[in-house]
Amino acid sequence: MLRAQLIDEKDVKIAGYNFSPKYVMEKNKRVQKGYSASASANVKVKDLRKLSAVIDRGIEKSSAYVERVEFGLKDRNVIERRLLAEAVENAKQKAAIVAQSGGRALGALIRANISSSGGEARVQMNQDWKLRGSMNLAAEAVPTELAPGTITVRTSVSTEFALK
């Protein structure tokens, strides 16, 4: 099903397997009748326009259910580097103003402390995917709608410059 939606094999990672005994009640007694097996997988969908279809077809074509949807950045490092460069340049400009106001010139950067956070967002969807999958309601169900949101990446730099 995932290959039919052009999901690359490297974007599907098996996260774990679970095997457990399956029990039924017979004559007021709990009796083992085979085993239950399940697997969990993480699927990366790069084209967000396909995400709803991947979710809905996954439920419709299998006994799968979706536990959660997470959005992230394809290359967070590129964004962080750009933010760091802008933050240091901003700090340098402000430090130059302070130095000039005090009758000095700004020297070299002596020290920088960097802190970053963010870049991933968990999204709670308002559909009960487990229920839809277990009751095979995908065909009658309203297609999954995903609400756009904002992913925030925070980067802060504390700088120390020499004065001339």
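1. In this predicted model, K46 and D11 form a salt bridge in which the closest N and O atoms are 3.5 Å apart. The partners are 35 residues apart and link distant parts of the chain: D11 belongs to the segment before strand 1, and K46 to the loop between strand 2 and helix 1 (51–61).

2. The two ends of this bridge have unlike surroundings. K46 counts as exposed because its relative accessibility is 52%, and the limit for that class is over 50%. D11 counts as buried because its relative accessibility is 8%, and buried means under 20%.

3. The count of salt bridges comes to seven. Another of them joins the side chains of R76 and E80, with an N to O distance of 2.8 Å. Both residues lie in helix 2, four residues apart, which is about one turn of the helix.

4. E80 deserves a point of its own. This residue is found in helix 2, which covers residues 76–101. With a relative accessible area of 14%, E80 falls under the 20% limit and is therefore buried. Where its neighbours within four places in sequence are left aside, E80 is in contact with S116, V153 and T155.

5. R111 and E160 also form a salt bridge, and their closest N and O atoms are 2.6 Å apart. This pair again links distant parts of the chain, with R111 in strand 4 (residues 106–118) and E160 in strand 6 (residues 153–163), 49 residues apart. R111 counts as partly exposed at 44% relative accessibility, and E160 is partly exposed with a relative accessible area of 35%.

6. Strand 1 and strand 2 should be read together. Strand 1 comprises residues 12–26, and 13 bridges join it to strand 2 (residues 29–43), the two running antiparallel. Within this pairing, S20 stands opposite S36 of strand 2. The two strands form a hairpin with two residues between them, and in the turn K27 has a positive phi of about 55 degrees.

7. A final point concerns the surface. I14, Y17 and F19 form a nonpolar patch there, and together they have about 400 Å² of accessible area. Y17, one of these residues, is found in strand 1. Is Y17 buried or exposed? Its relative accessible area is 60%, which is over the 50% limit, so Y17 is exposed.

Note on methods
Residues numbered from 1 in each chain as written. Predicted model: local features only at pLDDT ≥ 70, side-chain atom pairs only at ≥ 80, totals over all residues. Heavy atoms only, no water. Patch = residues over 30% accessible without salt bridge, like charges linked within 9 Å, V, L, I, M, F, W, Y side chains within 5 Å. Areas by Shrake-Rupley, 256 points an atom, 1.4 Å probe, with all protein chains shown as cover. Salt bridge = Lys/Arg side-chain N within 4 Å of Asp/Glu carboxyl O. Buried < 20%, exposed > 50% of the residue type's maximum accessible area, 1.4 Å probe, protein only. Contact = heavy atoms within 4.5 Å. Pairing = 2+ DSSP bridges.
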